[in-house]
Amino acid sequence: MTDSLRPVHVIGGGLAGSEAAWQLASRDVPVVLHEMRPVRKTEAHDTDKLAELVCSNSFRSDDAEYNAVGLLHEEMRRCGSLILRCADAHKVPAGGALAMDRDGFADAVTEAVSTHPLITIQREEVAGLPPEEWDSVIVATGPLTSPALAEAVRVQTGEESLAFFDAIAPIVYLESVDLSKAWFQSRYDKPGPGGTGKDYINCAFEKDEYRAFIAALIEGEKLDFKEWEKNTPYFEGCLPIEVMAERGVDTLRYGPMKPVGLTNPHKPERRPYAVVQLRQDNALGTLYNLVGFQTKLRHAEQARIFRMIPGLENAEFARLGGMHRNTFLNSPRILDSTLRLKSLPRLRFAGQVTGCEGYVESAAVGLLAGRFAAAERLGQEISAPPVTTALGAILGHITGGAEAETYQPMNVNFGLFPPVDDKIRGRDRKLAYTRRAMADLDGWLKG
C-alpha cells in the first residue's frame, strides 16, 4: 500500500518536524522532509543537524507522577516518540530533569530520520505557501520560520502573527570553574535520570556581591534592536536575566537564583543569599550552562559581568548568550482541532510556531500532527488524545482552549487539565492528575 500513497510533506527539521516525520513513516506513510539549513541559515542554529537544541539542553522535569512535563515525557514514550527515545539514550546528569548531550542527541535524531527508508530529506527553503500539488503538509518551521513563508501564512489567514524574543544562555568550560568556591549539589540532593543528587554546580553570593551583580546587569550594555523588533514582547517564561533584574533587586533571588535546598560546604554555617546554578551540557561533563541566564547583553559585557559570579572569576565561555525574535500563530483562532489551517486545510502546523512553549511541548505537537496526517492519508478516523492527558491538554489549549485575544505561548501544566476532585489536595492532587492521564492514554492507544 505504501507504494501507492502520496507522500506527506513536512517543512522544518527541528524537534517537531523530525517527530512528525517519524510518526508518519512509522505508520508506513512516505514523507518528504524539507529542511532549509544549511542552504539558508538562522540566527540561532550552529549546525545543519536535525533537532538541534539551540537554547537549553534540558527537557525539564522527568517526574511522571508529580510534574506535568514529566507526565508528557512518559506519554510520548508510550506513543513511540523518536525525540524521547534519543533524549533517553543521550541523557546527562541534571538532578530531577531530563537533560542530554546536545550533539549526541541531534546526531541520533539525524541518523534515525535520514536512514528511514520512507523518509526523504530535501535541503531547501520552502519560500511562500507550499505548491498546490502538495495535498498534505505539516509546517513545523519553529519560531524562526523563514520570512517568506511567515508572510505567506499571514496573508492567507488574515491574521498578524504574534512575536516574542527568545534568549540563549551562555555555556562555560568546567575546568575554568573555581571549585574552591563553587560546589556540586542538586536542590534538596534530588537525583534525576542518570544523576547522583550532585548534578549542578552552585555558585553562592553574599548580599553585597549579589547587589553589585544586579547593578551590573541593569547597567550593562545591551544589544540594539532592529526597527522591526522594537515592539515585540518577551515571553514571560524565557525572560533575559537583565530584564528580570530590572523588575526589582530581589526578583532573581526568588527566581532562577533562589538559594533554597542548597548548602554551601565552604560556608556551611549559613544559607547563601543567592545562588547561580550551572547544569551539565554534554555527556563528557566538560561543558555547563548557566541555568536561567538567557541574555541580550553584548558579548563583552557578558564575559565581564558573569565573571562577577563567585567561582566564575576566571570562567572561559564555550558559547556566550544570544538573542533572536520568535514568531507564533494565533492558533486558537486559525487552526482546527486536528491542527489544520481552517482557511487552507491541506496545511497542518506543529511545534513552537503554534504557540506551545518548550522543547518537549514542541515535539509533542509534532507527534500529534504526524499521527493525524497519517490517519488522514490512510483513510482512517482521526482520534485525538483525551483532554485528561498531557498531550490532549496541550492540543486543547492551542486549538481553542486559550483565549484568542490574549493568546501567549504556554508550557504544559496541570492548569490546562480538566480538574480532579476538589477534595484532593497538594501532592495527592498532582498524582490524581497523572494517574488519570496514564489510564486514559492507555485506553486511547488501545482504541
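How many helices and strands does the secondary structure of the protein chain comprise? In this predicted model, the chain comes to twelve helices and 17 strands. Its C-alpha trace spans about 70 × 50 × 45 Å along the principal axes. The radius of gyration of the chain is 22 Å, which agrees with the value near 22 Å that a compact globule of 447 residues would have. Of these 447 residues, 58% count as buried. The accessible surface amounts to about 18,400 Å², and carbon and sulfur atoms account for 50% of that area. Where contacts join residues at least 6 apart in sequence, 71% of them link residues at least 24 apart.

E151 and R154 both lie in α5, three residues apart, which is about one turn of the helix. They form a salt bridge in which the closest N and O atoms are 2.9 Å apart. Because its relative accessibility is 38%, E151 counts as partly exposed. R154 is likewise partly exposed, since its relative accessible area is 25%.

Strand β11 presents another setting. It comprises residues 200-205, and six of its six residues are buried. Y200, N202 and A204 point one way from the strand, whereas I201, C203 and F205 point the other way, and all are buried. Which strands pair with β11? Strand β10 (residues 183-184) is joined to β11 by two bridges, and the two run antiparallel. In this pairing, W183 has N202 of β11 as its bridge partner. Strand β12 (residues 274-280) also pairs with β11 in the antiparallel sense, here over six bridges. In that pairing, the bridge partner of F205 in β12 is A274.

The account now returns to charged side chains. Side chains of opposite charge can pair when their charged atoms come close. In this model the count comes to 25 salt bridges. One of them links R37 to E35, with the closest N and O atoms 3.1 Å apart, and both of these residues are buried. Another joins R429 to D422, where the closest N and O atoms are 3.8 Å apart. D422 counts as exposed because its relative accessibility is 51%, which is over the 50% limit. Beyond such pairs, D62, E74, R77, R78, D88 and D442 are linked in a network of salt bridges.

Methods: Residues are numbered from 1 along each chain as its sequence is written. This is a predicted model: local features need pLDDT of at least 70, side-chain atom pairs count only at pLDDT 80 or more; totals for chains, interfaces and linings use all residues. Side-chain values use heavy atoms; hydrogens and water are left out. Buried means under 20% relative accessible area, exposed over 50%, partly exposed in between (1.4 Å probe, protein chains only). Helices (H or I, at least four residues) and strands (E, at least two) are DSSP runs, numbered from the N terminus. Two strands pair if DSSP finds at least two bridges between them. The radius of gyration is taken over C-alpha atoms; the globule rule is 2.2 Å times the number of residues to the power 0.38. Contact means heavy atoms within 4.5 Å. Accessible areas come from the Shrake-Rupley method with a 1.4 Å probe; for residues, only the protein chains shown count as cover. A salt bridge is a side-chain nitrogen of Lys or Arg within 4 Å of a carboxyl oxygen of Asp or Glu.
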